[in-house]
Amino acid sequence: MLKIEHLTKIYEDGTKALDDVSLTVADGEFLVIVGLSGAGKSTLLRCINRLVEPTSGKIYLDDVDITAASPKELREIRLKIGMIFQQFNLVKRSSVLTNTLSGRLGYVSPWKSLVYRFPAQDVARAHANLERVGIAEKARARADTLSGGQQQRVGIARALMQEPKLMLADEPVASLDPATSHSVLKYLEQINKEDGITVICNLHFLSLARRYASRVIALKDGRLVFDGRPQEIDHRRFKEIYGEEAVQVEIGPELTPEEATQAP
Amino acid sequence: MNNQRPPTKPASLLGPLRTALLVLILAAAYAYGFRVTKVNLYDLVTGLPNMHHIVLSLLQPDLFVRATEMQKSDTPFLVRAESGALPPPPATPPAKPGPSVEIYPSVAKPGDVIEVKGRDFKPDTPGVIYLIWVGETRLGKITTDAQGSFAAKVVLPGDVTQGDYWIEARVFRELNWYVPSETLILSLRLMLETIFLALIGTTFSVIFSIPLSFLGARNLMMGAPFGRATYYLSRTFFNLLRSIEVLIIVVIMAVVVGIGPFAGVLALAVHGIGALGKLYSEAIESIDPGPIEAITATGASRLQVIAYAVVPQIVPQFIAFTLYRWDINVRMATVIGLVGGGGIGFILIQYINLLEWNQAGTAIWLIAIVVMAMDYASAVIREKIV
Ligand SMILES: Nc1ncnc2c1ncn2[C@@H]1O[C@H](COP(=O)(O)OP(=O)(O)OP(=O)(O)O)[C@@H](O)[C@H]1O
Ligand SMILES: [Mg+2]
């Protein structure tokens, strides 16, 4: 269980990115965070694994206070929190396998890992995870030879190497076309359902949120303005979240015509 | 909506006035500059013909010489003050097979004419007669006859001091092939030294600048404790080393370890740490921060993040910069010999001081060839890896 209490983040330049956000995420939820650009979605995710240091407030993962963790404790907490990114953040010149294995670094002996040695069972695990996201045959390829969708799947495989309880996804499909977006989100859905990994995911498209989320929260100017089930976001709520000028736009994916919503 | 424009400045006389002032300042600066640097076209034009000889000599580098076969023979010889009261002549050594030389008289005083006779040399061959002391003095030229004998009268220098000497005759026969000249052999040997001097110097600077460059990378250091201080300290250190020219460091190092290639190696290493450290640091700063963030988020330690997210991204650039540095260092190594740092510059400056332009040409051509080859090779390798 993830518990966020009165979380506030003010950046050095004075930008208040998060303003007293409190939130509890139960195990096994697929939580989608929506909101305008600049609403504070990324900041919220990054505070959870302290890639961004919160200004005030508390975050607990299974009753362990993340915000108070020492550097060593923090690394142990991070082991349990996987993360994937909009830009995939793979090491482009390294192989897919090495990228995947790097998700295991927190578990292995530091000195062996510095000479790029991993235990055999970790290598086997990496192959299994690549198999799981459907790119086992790409293990030896250089990461930058893969398509965007494939790279994001490597990102998922890398995060799975951590055996996480919680998966953070910061706009994982914003750089992908609609069909590929679905394929990537389906893998997230799969690990959420099959492995019981809690997923917290930032999404731009409300249509995608409606399709995959078990729960949606909305941020506006750093404040929590909606928390509920995806179906509850009606026209009025939509205007609240995205502003009066926003229009619902429709992208026509070939299979299931879904109403896509895009912030202006 | 958006019809606001930035306010245009009112036209004024300030513009042209400022231009005029600028032109005036520039003119003054250049006038002064020409004076202190003593720019003088007349000297250049009238002096140009002096270059004619040098250029011609440089164009005829001393590369190969006809192979020769030498035959020599010597005999003892005394120089005394009085030709009147001559001590008995030294015993002539027992006759050996092969050429021999005799002198009449075998005791003489400075300025005397002596006769040198030789037998059993190669026939019809030119040669030279030397007076041998610690060094040697050339006394005259000879040519053997059809039987391989010669007889020549030579004059002893008037300033020769009393003592025991040898008289030696050498005849040279040119053979029908060419061999590398001494200059060429020496130049090649020193060129090799030059290349290795650059290699070792570069290696030392790489070894030290790689770890330091991480301390001088803003993106890695700003998060760490004392990061900011370490960053500025490293960068200042790099700039300091970089700003001291190699030739100056050679002179300083020559005081420490003595004149020679090691002084050159140290100088290249010291300057290179500054130059490479800065380039490496900037390469690290220009990497994609995404992977760093991603690997950090997996719970990896700082060292692991560097090994997995930073190193793979910088390797090609590091190799390119290193080759580039080696390339520069070969060029530098050719001149550090001028100030006592070893390498080919060491003999080049001697040839130039002795006005031996053909020999200097040999060294200069060799430098040009090697530098161009290095330039080409490093460009090819860099293209392959980046
Ligand atoms: N490192 C930073 N320093 C200063 N301000 C920042 C920093 N990162 C983000 N901000 C500001 O904080 C606010 C929230 O940013 P954040 O990236 O969390 O928004 P977001 O909801 O993820 O937006 P997007 O949809 O564009 O990714 C924005 O106003 C942004 O400009
Ligand atoms: Mg964002």
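Reader: What makes helix H7 (residues 261–285) of chain B roughly antiparallel to helix H9 (residues 302–336) of chain B?

Author: In this predicted model, where local features need pLDDT of at least 70, side-chain atom pairs count only at pLDDT 80 or more and totals for chains, interfaces and linings use all residues, side-chain values use heavy atoms, without hydrogens and water. Residues are numbered from 1 along each chain as its sequence is written, while chains are lettered from A and ligands numbered from 1 in the order in which they are written. The two helices pack at an angle of about 150°, with their axes 9 Å apart. Angles under 35 degrees count as roughly parallel, over 145 as roughly antiparallel, 65 to 115 as roughly perpendicular and the rest as oblique, so H7(B) is roughly antiparallel to H9(B). The axes are lines fitted to C-alpha atoms over the stretch in contact, with angles from 0 to 180 degrees between N-to-C directions.

Reader: Which residues of H7(B) and H9(B) meet, and how do they divide by class?

Author: On the H7(B) side they include B:Gly264, B:Leu268, B:His271, B:Ala275 and B:Tyr280, and on the H9(B) side they include B:Val310, B:Phe318, B:Arg325 and B:Ile336, contact meaning heavy atoms within 4.5 Å. By class, the contact of H7(B) with H9(B) has 15 nonpolar, six polar and one charged residues (Ala, Val, Leu, Ile, Met, Phe, Trp, Tyr, Cys and Pro being nonpolar, Asp, Glu, Lys and Arg charged, the others, Gly among them, polar).

Reader: Why are H6(B) and H7(B) oblique to each other?

Author: The axes of helix H6 (residues 246–257) of chain B and H7(B) come within 8 Å and cross at roughly 130°, and H6(B) and H7(B) are therefore oblique to each other. B:Gly264, B:Leu268 and B:His271 of H7(B), which meet H9(B), also meet H6(B), whose residues there include B:Val246, B:Met253 and B:Val257. The contact of H6(B) with H7(B) has 12 nonpolar, two polar and no charged residues.

Reader: What makes H10(B) roughly antiparallel to H11(B)?

Author: Helix H10 (residues 345–353) and helix H11 (residues 357–385), both of chain B, pack at an angle of about 150° with their axes 8 Å apart, and that angle makes H10(B) roughly antiparallel to H11(B). B:Leu348, B:Tyr351 and B:Ile352 make the contact on the H10(B) side, with residues such as B:Trp357, B:Gln359 and B:Ile367 on the H11(B) side. This contact has eight nonpolar, one polar and no charged residues.

Reader: Which residues are closest to the centre of the largest pocket, and which helix gives the largest share of its lining?

Author: About 1200 Å³ of space lies in the largest pocket. Of the 35 residues that line the largest pocket, the closest to its centre are A:Arg78, B:Gly223, B:Ala224, B:Thr296 and B:Arg302. The largest share of the lining, five residues, comes from H8(B), and the lining as a whole divides into 19 nonpolar, six polar and 10 charged residues. A pocket is an open set of points on a 1 Å grid, with protein on both sides within 12 Å along at least five of seven lines, where a 1.4 Å probe fits, and lining residues have an atom within 4 Å of a point.

Reader: How do you know that the peptide bond from B:Tyr104 to B:Pro105 is cis, and where is B:Pro105?

Author: The omega of that bond is near -10°. B:Pro105 lies in the loop between strand S2 (100–104) and strand S3 (107–108) of chain B, helices (H or I, at least four residues) and strands (E, at least two) being DSSP runs numbered from the N terminus.

Key. Grid points are joined across faces, edges and corners, and a volume is the space filled by probe spheres set on the points.
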